[in-house]
Amino acid sequence: MALLTRLVSLVVLLVLWQAVSVYADVRTLPAPSAVLAFVIREAEKGDLFTNVGVTLARVAVSFVIAMSLGGLLGIVLGRSKWADQILDTPLLVILNTPALVITVLAYVWLGLTETAAIVAVALNKLPNVAVIMREGARGLDPGLEEMAASYRFDRRTWIGNVLVPQLQPFVIAAARSGISLAWKIVLVVELIGRPNGVGFAINYYFQLFDVTAVIGYSLVFMTVMLAIDTLILQPIDAHVRRWR
């Protein structure tokens, strides 16, 4: 039923788009068929798969870095009041710094390199992960903590049987919010300083005022990211919350 509802809403959106495009300037709002034709042409040339693949690789690398470092930082902040007091302000500063500023500074400090691009995306995402994981680490069940102390769990047993199970929902929440944030920032990073990727392609066609191409690339990549969320992250989320 949920899938049918989504399909109906998609059809309605396409119909509305087609209806509006009939009365709009074709240069500013092309019809869905024109966008589809561009996507097919770009795929046949191979440019579409190349750019989407490069962007996905950047998203994946920066996402793994941000989740790993941000998760560890969040756990430390949630378990240590001393660490939280010291690092809370720097964390908030980075969290509230615009993504564009971090991206520009990364390029200035590290040059127009792939490393700078990955660092910029990871830094933009890391504070968000840390904040979510901090709340999870703060909310650990004290009863389970007492049980672990009574049975004298070693560190490995405590992590595997007390910490990880309780943090799983927070990890998934951080991952789902993170993947949506990461791909948007990656496009900005590519638009500013990379010679390939979806962001680069959108910027290139924007300079040519090719709205059809801009919409085409945007829709293709949004579809890919929605597929990742629907087919991978949502099932994992449902699995870790099944006890509820």
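The legends below describe several close-up views of a predicted model.

The model is predicted, so that local features need pLDDT of at least 70 and side-chain atom pairs count only at pLDDT 80 or more, while totals for chains, interfaces and linings use all residues. Residues are numbered from 1 along each chain as its sequence is written, and side-chain values use heavy atoms, with hydrogens and water left out.

**View 1. The largest pocket and its lining.**
The largest pocket has a volume of about 810 Å³, a pocket being an open set of points on a 1 Å grid over the protein atoms alone where a 1.4 Å probe fits, with protein on both sides within 12 Å along at least five of seven lines. Its lining has 21 residues, of which L10, L219, M222, T223 and L226 are the closest to the centre; lining residues have an atom within 4 Å of a point. Helix 10 gives the largest share, 10 residues. By class, the lining divides into 16 nonpolar, 4 polar and 1 charged, where Ala, Val, Leu, Ile, Met, Phe, Trp, Tyr, Cys and Pro count as nonpolar, Asp, Glu, Lys and Arg as charged, and the others, Gly among them, as polar.

**View 2. The packing of helix 3 with helix 6.**
Helix 3 and helix 6 (residues 114–138) pack at an angle of about 35°, and their axes are 6 Å apart; axes are lines fitted to C-alpha atoms over the stretch in contact, with angles running from 0 to 180 degrees between N-to-C directions. The contact of these two helices has 16 nonpolar, 5 polar and 6 charged residues.

N51 has its place in helix 3 (residues 47–79) and counts as buried because its relative accessibility is 10%, buried meaning under 20% relative accessible area, exposed over 50% and partly exposed in between, with a 1.4 Å probe and protein chains only. Leaving aside neighbours within four places in sequence, N51 is in contact with N196, G197, V198, A201 and Y217, contact meaning heavy atoms within 4.5 Å.

**View 3. F209 in a loop.**
F209 is found in the loop between helix 9 (198–207) and helix 10, and its phi is near 55°, a positive value in a residue other than glycine. With a relative accessible area of 53%, F209 is exposed.

Terms used
Helix = DSSP H or I, 4+ residues; strand = E, 2+ residues; numbered from the N terminus. Points joined across faces, edges and corners; volume = space filled by probe spheres on them.
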